[in-house]
Amino acid sequence: MAESDKRKTAKRNEARSARWENFARGLYRFRSNRLSMIGLLMLIFILLVAIFAPIIAPYPEDAAGKTRVMARLQPPSEDFVFGTDKIGRDIFSRVVMGTGLALQVGTVIILLATSIGVTIGAVSGYAGGWVDDILMRITDIFLTVPALVLAIAISAALGKGIINAMIGISLVWWPGFARLTRSLVLSLREEPFVEAAYGIGAGHMRIIFRHILPNAVSPIIIKMTTDFGFAVLTAAALGFIGLGAQPPTPEWGAMINDGRRYFPDEWWIATFPGLAIWLMVFSWNLIGDGLRDVLDPRARR
Amino acid sequence: MNLRFYLLRRIALIVPTLIGLSILTFSIARLVPGDPVGLAAGPQATEEIKEALRREFGLDQPLPAQYINYMAGLFRGDWGQSLYTRRDVLPDLRTFWPATLELTTIAVIIATLLGVPAGVISAMYRNRLPDHVARILSLFFVSFPAFWLAMIFQTWFGRDLGMFPINKRLPVLVAPPPTTTGLFLVDSLIQLDFETFMVSLRHIFIPSLVLSFSAFASITRITRASMVEALEKDFVRMERAIGIPYRIIIFKYVLRNAFIATITVISLNFGWLMAGAILIETIFDWPGLGLYAVHASLSLDFQPIMGIAFLYGVVFSLINILTDMVYGILDPRIRYG
Amino acid sequence: MSKRMLVIGLLLGLLLIPSVTSLAQDDILLYGGNQDIENIDPATGENYSINAALRSLYDALYIYRGSDTIPHLVDSYEVNDDATVWTFHLKDNAVFHDGSSVNADAVVYSFNRILAISGPPSWRWATIADENTAAAVDEFTVQFTLTQPYAPFIGTLPQLFVVNPAIVEANLGDDMGQSYLKENAAGSGPFTQGRWEIGNLYEFIAVDDYWAGWTGDDHLDGFVWVIQRDASTQLNSLLAGETHIADTVAASDKEKIVGSEDYVWEEHGGFFTNTLKMNNTGEYTSDINLRKAVAHAMNYEAMVEAQDVKITILPGPTPANFVGYVDGLDYPKYDLDKAREYLAMTPWPDGGITLDYVYVTDFPREEIPGLILLEGLAQLNIELNMIPMLWPDMTASCGSQETGPDIINIYTLPPFLDPDAHLYNQYHSGQWGSFNSCSFYQNDRVNELLDTARVIGDAAERAALYTEAQEIIAAEQPSVWMYTEDSSISINNCVKGFVYSPMYPITVLFQDLWMEGC
């Protein structure tokens, strides 16, 4: 017993160090990819803005409901760098204060979608047979309708609000992760180390979570990164339609909708939140693109 | 197996998926909190009127029975009635759908015309400047919120430069061509009415251009990847070795091979763009499914919502089949099995 | 490759050539309308755009021109002393579009159909009429025997559009012809339907030999109601000559209209009244002191500044320019100290409660007051939960006390010029269930006063009753009285014959317009 334990540990260490080596190599490749580094820097900048928002924003109270009607619809100036909106709120402060919200929304959607998708995909791929059939049929049904349409329908049914919008989007976002995880699990299931674990009597859950999934992490992470930007875009779209955050929440999509009526004469109301969304999505896309090269070298040669 | 049999099988396979989809849309519709009947009956309706309406819409029956009614209706062509406008859903979809289809089709064509050459150039100049430029550009444009870009383009090209119409499918005083397909571009050609054709082309150009951006990146990427793969195939190396000009190799052998993977992505994009159209249409007053869908979802008008989701499901499945057929034409080696 | 590029280049070039838009030779007026015309059934449709269509396709017994209620299908009338029996003699030359005569039977048929369907327009008559009310005395004489006296009856008749019974009967279906009439007119009006593109545009074609004749020097050959939901689109289209009238241009763009000799900016004070209805039976808002606190936490001056339209603060329940206005009522001003005093008298002296504020989705004029109130209430430690809704959902929520929101932003337009039109539907508890009475206000004395005033003919006596009622209402603060709104409409100078009417402030009477040199 002791012998086999030792062997197991050794094997695990070996696997771990191999994984680490891969990671280090990847990191090097990632760092040498200038575009992705720019993306990462942009993201760090966004994170800093989100963390220090109340300090950066000159009028943080404008995000909560302060109005300033005497200064409404002011063009960008020294006092209001991005101008003011229909009720005199500082656009710059609201964009800055909305950064954290956008990050949260993306994170929640991606984490929820990943956990649902990975679980379903892993179970489906590992179990095979009728379980696989049923789960994949369900996944297919979700994939039959474009995500945005279904997200609109579900969020509408749940009721307006940012939380419901996030739930709605997550509920249509998981099938991609399920499909991916399933294909990864299918190929990993036949690997010797999985069979070995099975041979020494490891439980199914243990095999899935300790042996298979850790080896499937990289593609899942790539997908999480590339999807992050689009999740933010989708949430902004729901906000734009009016299904997302409700006033006075400084949600970027809703702010664009707000400014639409005043466009183009008071162009600043809609323009700056739009650029903020773009910056966030662009940074994630750059990072995702770089990660894809790193972790899946076949994709880019 | 021959093509006809394959097609029948594929179409037969859609059925379970669509049944699943109908269950899904039905469940979503029943998630709706509150009392849709109260809304339909109007503010002054008495309890009896509401009860009558509930009977009329079949809402007084148990859920499984309601579902079976709904399914039966789908087959009979009775997709329910909007609670809000009191119009039947299916004729409404028929009215609005061609506008969205036309917009999406042109967008996909533009995305292909932009994306495939960009991908080809990327692959030909792999890891050199044109490759990087194409890559950055595609990521650059796909990162914009489409509805925001739509506003900007509408103002630049429509209002400031006056190059394109601001909104709608046709000027108010130009009567739409007699309806054959509902696609103005096609209908006007059928009538040999080139003036209307050009006018509606000018109207559709900016909205579909904006819409196409969200597909641009993935088409470029897949074209590039499959081109690179094809370029490294042995027969290509050989042909280069025996001195066939590079350009000819690219267009005659490589592109054709690469296009197969690209077709999949383009067809997937068709579905995504159809959804994206919902956002674009509101900006350009484009009388398609988008405005209809947004309005229905804001008012919890569940019959149109279900109808739209179902329509998208059917169309998406059909596009998938079509894609497989195109595969077969492009690559005779693929067997339908 | 280069050949292909050339072809693509040529195609793109073709796109850029501005094509010659075939401008109409006829006098077709193009109208940029903010709202869709979802329904043209006189029994179920009623809002500003639907009414504009109904006035064009149908004829009613009376018609509003300016501030006057003018007989239209009616030649003369008699009424008995207690205002219960109204007899109207119809003009005998009115004909439907199919040539048949607009007679007493058609009027009776139309009236009963409205009552039976009991759609939105029916509230005018629901409490004073039943299926036996209307009767044809002879071919051109119709008599209404009301179930209770009602002095302002004539004021309701411009909404009684007469349908052609033969056409309705031929398309009855199982819903009294609603499916058919929703999109097909069966009228006698100055226009008939042309292109009818749902959700896009609606064309109306003039009836050349319109039975009533045309009032202006000339008349339109037709008009097109083009749905343009965006104010900026409306402005752009008007300035580009693509439309002749824009009904919703932002006040901030006024200079662009006024600055040009080619356009007129018609701006008029009206009775378009905005109030925040508080649910007087709600968990919190049933407390009169809380209602007073809310009313004092509203920064009215800020609202004047912030609204995109010119507004006049309401001095109590009735606008100052409307019949029945009572001068000198004590109405709240923005005063946070006073608001705190009132709040101290409630069970929630330190706030800590959340109130819902319901308003129309995507309608800044209702969102802005909410944001201003939100700021004021925050200082009382009361949270305001902003809930945008679509209009039909809002009316539905007003259906019962349980679903009535804490605070709801409602625009009302008195349908005729009488205090009854303004007060009865908002403050009589018999009217609960309609959006007008979403404050669920009940005061027996007020009910009695409003009921009595309805049936009295003597003007001075009525005025006294209405004054007393308003004093009680003002003291109980069922709603926050906000403002009346000036309405504006932008018109190309080549359009002639526009006369402002406070009864349809956002639109025009198409049959009175004509065009010169457009």
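This report describes domain contacts, a chain interface and helix packing in a predicted model.

In this predicted model, local features require pLDDT of at least 70 and side-chain atom pairs count only at pLDDT 80 or more, whereas totals for chains, interfaces and linings use all residues. Residues are numbered from 1 along each chain as its sequence is written, while chains are lettered from A and ligands numbered from 1 in the order in which they are written.

**Domains of chain C**

An automatic or database domain assignment supplies the domain bounds. Chain C comprises domain 1 (23-58 + 189-262 + 493-518), domain 2 (59-166) and domain 3 (269-485). The centres of domain 2 and domain 3 of chain C, taken over C-alpha atoms, are 33 Å apart. Their contact involves 14 residues of domain 2 and 12 residues of domain 3, contact being defined by C-beta atoms, placed from the backbone, within 7 Å. On the domain 2 side, helix H4 (123-126) and H5 of chain C each contribute at least two residues; helices (H or I, at least four residues) and strands (E, at least two) are DSSP runs numbered from the N terminus.

**Interface of chain C with chain A**

Chain C places 20 residues in contact with 15 residues of chain A. Helix H8 (231-239), helix H11 (300-306), helix H13 (364-378) and strand S15 (382-389) of chain C each supply at least two residues of the chain C side. The largest share of that side, 8 residues, comes from H13(C).

**Helix H15 of chain C**

Helix H15 (residues 419-427) of chain C is mostly covered, with 9 of its 9 residues buried (20 or more other C-beta atoms within 10 Å of the residue's own, C-beta atoms being placed from the backbone). Among the buried residues are Asp420(C), His422(C) and Tyr427(C). The covering elements include helix H5 (153-156), strand S16 (407-412), helix H16 (444-455) and helix H17 (459-476) of chain C.

**Helix packing in chain B**

The axes of helix H11 (residues 246-284) and helix H12 (residues 289-298) of chain B come within 7 Å and cross at roughly 95 degrees. H11(B) and H12(B) are therefore roughly perpendicular to each other (65 to 115 degrees). Residues making this contact include Ile278(B) and Glu281(B) of H11(B), and Leu291(B) and Val294(B) of H12(B).

Methods: Axes are lines fitted to C-alpha atoms, for helices over the stretch in contact, and angles run from 0 to 180 degrees between N-to-C directions. Angles under 35 degrees count as roughly parallel, over 145 as roughly antiparallel, 65 to 115 as roughly perpendicular and the rest as oblique. Two residues are in contact if their C-beta atoms, placed from the backbone, lie within 7 Å. A residue is buried if 20 or more other C-beta atoms lie within 10 Å of its own, exposed if 12 or fewer, and partly exposed in between; C-beta atoms are placed from the backbone.
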